[in-house]
Amino acid sequence: MTDAALQKLFRTALRSGGGTDSPRGLEGAVAGFRAVLLAQPDYAPALCGLGEALRKLGRVAEAEAVLRTAIERHPTKPDLRRALAETLADWGRLDEALEEAEMAGDLARGDPVVLTLIGLLRERRGETALARAALEAACAGVPDAAALTELGRMRRQAGDPSGALAVLDRAVVAARHPKEKAFADVQRALALLSMGRLREGFRAYDARWKTGLLPNLDPKLPPWTGDALAGRTLLVRCEQGLSECLQFFRLAGTIEGGRVVVEAPPPLVPLLRASHRVSEVVAQGDPLPPADCWAPLLSLPRLLHIDAESIPDEVPYLRPDPSLMAEWRERLGPGPKIGIAWRGGDPLFENRRRSVPLDAFAPLAGVDGVRLISLQKGDGRQDVDHVPFPIYDPTDDMDEGPAGFIDTAVVMQDCALIVTADTAIAHLAGALARPCWVVLPEGGDWRFGWHPTHSAWYPTVECLRKPPGGTWTDVFAEIARRLTAIRQGHVEESPDGDDTPAAADTPAPDTPAPDTPAADTPAAAPTNPADSDPSSHESVDEARDETDLLGGFFGRSPEV
């Protein structure tokens with residue numbers, strides 16, 4: 001076959017994929033590349049394309065085999081080594097992946113794609129300084145949008161959202177195609193949200209639909225524009241994870257003038273239905289009811305013109321099933337309890353898990369008279385069997401079936417405090433108005449707000465960030481100290497000047513002024529929100545200090 005004919009066949013293979021990363025498109029690409037290789041088994045571009053398509057389909061072992069064979073035939077082709085590095089990274093074999101990526105870098109000096117990959121691999125290995133150096137090298141010549149986007153993300157996650165915004169503005173300008181610009185726009189949106197500039201941030205966040213990472217949710221209905229419903233039915237479709245659904249469900253309950261139907265993940269449907277905040281809740285995967293217009297859940301803040309001053313933070317907006325309270329209290333037994341969760345999922349656009357090693361919770365088990373109760377969901381539950389301190393794990397009996405999070409919500413009512421990594425459990429605790437300390441990485445998480453310690457979205461949630469250069473051990477040692485102080489009735493002056501046990505001595509990240517100033521007030525809640533009047537919202541300014549909040553649960557009268 002002539003070179004011209006081979007290249008024509010290869011172009012046909014590229015078109016057979018439809019230019020998308022959908023499973024159907026990738027299967028088409030695989031078939032097309034195999035057709036090329038039948039004609040010319042050593043054709044390097046087709047070998048590379050086949051390996052990459054197989055990896056994206058999740059057929060990682062096949063991808064590795066194809067790419068290793070290709071490298072044996074073409075050892076000096078940097079694209080083949082880069083593709084193998086990405087495949088090994090998907091296996092979690094980071095050392096081997098980095099070795100292959102650096103070999104690709106030696107073969108293609110200054111290639112921004114390879115340098116960006118090296119930076120991301122070093123970041124996953126915890127080598128932050130080296131990761132930034134590689135990304136900066138990728139931008140040393142012509143600015144590279146992908147490298148600048150990752151640099152901006154890393155700056156935001158390190159607690160420098162304003163510095164991130166400056167880098168991401170450059171990324172948007174440098175973008176060479178729509179998808180590259182979409183990723184830069186999304187990271188720019190997250191930087192704005194981390195600064196409290198909610199209206200700008202949620203407008204920019206619409207770019208998420210252009211990244212290709214989200215499924216197409218369009219039900220072939222007119223999009224809602226935020227206008228009065230005037231008797232119409234609005235369908236709101238949840239997107240991304242459980243955390244996002246729990247957090248932004250409250251907004252659907254504020255829409256008046258017609259019927260509001262929310263489509264939600266099946267595990268949350270019973271709990272959301274029990275709130276009676278919307279007209280109907282249906283499970284994802286079930287037939288959609290008739291509607292006149294629709295909106296994605298995370299577009300509601302933009303459509304409702306939410307800013308820093310108008311966040312609807314009235315809690316609780318979810319409630320436990322009171323008929324299950326007595327059963328669970330008997331099962332859990334007497335005494336003060338702390339509910340814990342340590343492992344979250346893989347969030348979109350973040351490149352890091354929302355997780356903390358369970359070993360880090362060990363200091364909490366040393367607080368006198370306190371029992372740890374596992375609230376962990378799914379992946380991570382097995383970790384309880386591998387730590388040297390006691391944790392009561394009732395999760396075999398908790399809502400692993402169609403009951404959703406109903407049991408978890410009830411168990412939380414019997415816990416004095418929830419201490420959790422950045423997981424759906426933190427959002428559930430906040431929605432239930434339970435006292436919760438959420439442990440965050442040093443840059444925080446935009447979903448909890450821009451203040452270094454207080455959540456703008458949940459009055460009863462306090463944010464405890466890992467200090468720059470510090471460890472999770474530092475954070476949990478401070479948590480144990482505070483709990484011991486509460487248990488013993490010791491009251492210290494907090495950084496805000498209130499008489500509360502002192503908060504962690506964590507430097508505040510760069511938090512430029514949001515849309516409007518947020519109140520610098522302690523996070524607290526009624527001792528038993530389940531017994532509170534749901535129509536009366538106690539503001540953060542009026543809430544009691546944490547000794548009053550938790551002292552009764554720890555078996556003593558608070559000394560304030």
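**Helix packing and an open sheet**

The axes of α3 and helix α4 (residues 60–73) come within 8 Å and cross at roughly 160 degrees; axes are lines fitted to C-alpha atoms, for helices over the stretch in contact, and angles run from 0 to 180 degrees between N-to-C directions. α3 is therefore roughly antiparallel to α4 (angles over 145 degrees count as roughly antiparallel). Helices (H or I, at least four residues) and strands (E, at least two) are DSSP runs, numbered from the N terminus. This is a predicted model, in which local features need pLDDT of at least 70 and side-chain atom pairs count only at pLDDT 80 or more, while totals for chains, interfaces and linings use all residues. Residues are numbered from 1 along each chain as its sequence is written, and side-chain values use heavy atoms, with hydrogens and water left out.

**Helices α3 and α4**

- Leu47, Cys48, Leu50, Gly51, Leu54 and Arg55 of α3 are in contact (heavy atoms within 4.5 Å) with Val60, Glu62, Ala63, Val66, Leu67, Ala70 and Arg73 of α4.
- By class, this contact of α3 with α4 has nine nonpolar, one polar and three charged residues; Ala, Val, Leu, Ile, Met, Phe, Trp, Tyr, Cys and Pro count as nonpolar, Asp, Glu, Lys and Arg as charged, and the others, Gly among them, as polar.
- Over residues 44–77 the chain is 79% helix and 0% strand, with the end C-alpha atoms 8 Å apart.

**Helices α2 and α3**

- The axes of helix α2 (residues 23–39) and helix α3 (residues 44–56) come within 9 Å and cross at roughly 155 degrees.
- α2 and α3 are therefore roughly antiparallel to each other.
- By class, the contact of α2 with α3 has eleven nonpolar, one polar and two charged residues.

**The sheet and its helices**

- Five strands form an open sheet in the order β6-β5-β7-β8-β9, with parallel pairing (two strands pair if DSSP finds at least two bridges between them).
- β6 (371–374) and β9 (461–465) stand at the edges with a single partner strand each, so one side of each is left without a neighbour in the sheet.
- From one strand to the next, the twist averages 25 degrees.
- Strand β8 (residues 436–440) pairs with β9 in the parallel sense over five bridges, and the bridge partner of Leu440 in β9 is Arg465.
- Helix α19 (residues 424–431) packs on the sheet, touching β5 (337–341), β7 (417–420), β8 and β9, and its direction makes about 155 degrees with that of β7.

Conventions
Angles under 35 degrees count as roughly parallel, over 145 as roughly antiparallel, 65 to 115 as roughly perpendicular and the rest as oblique.
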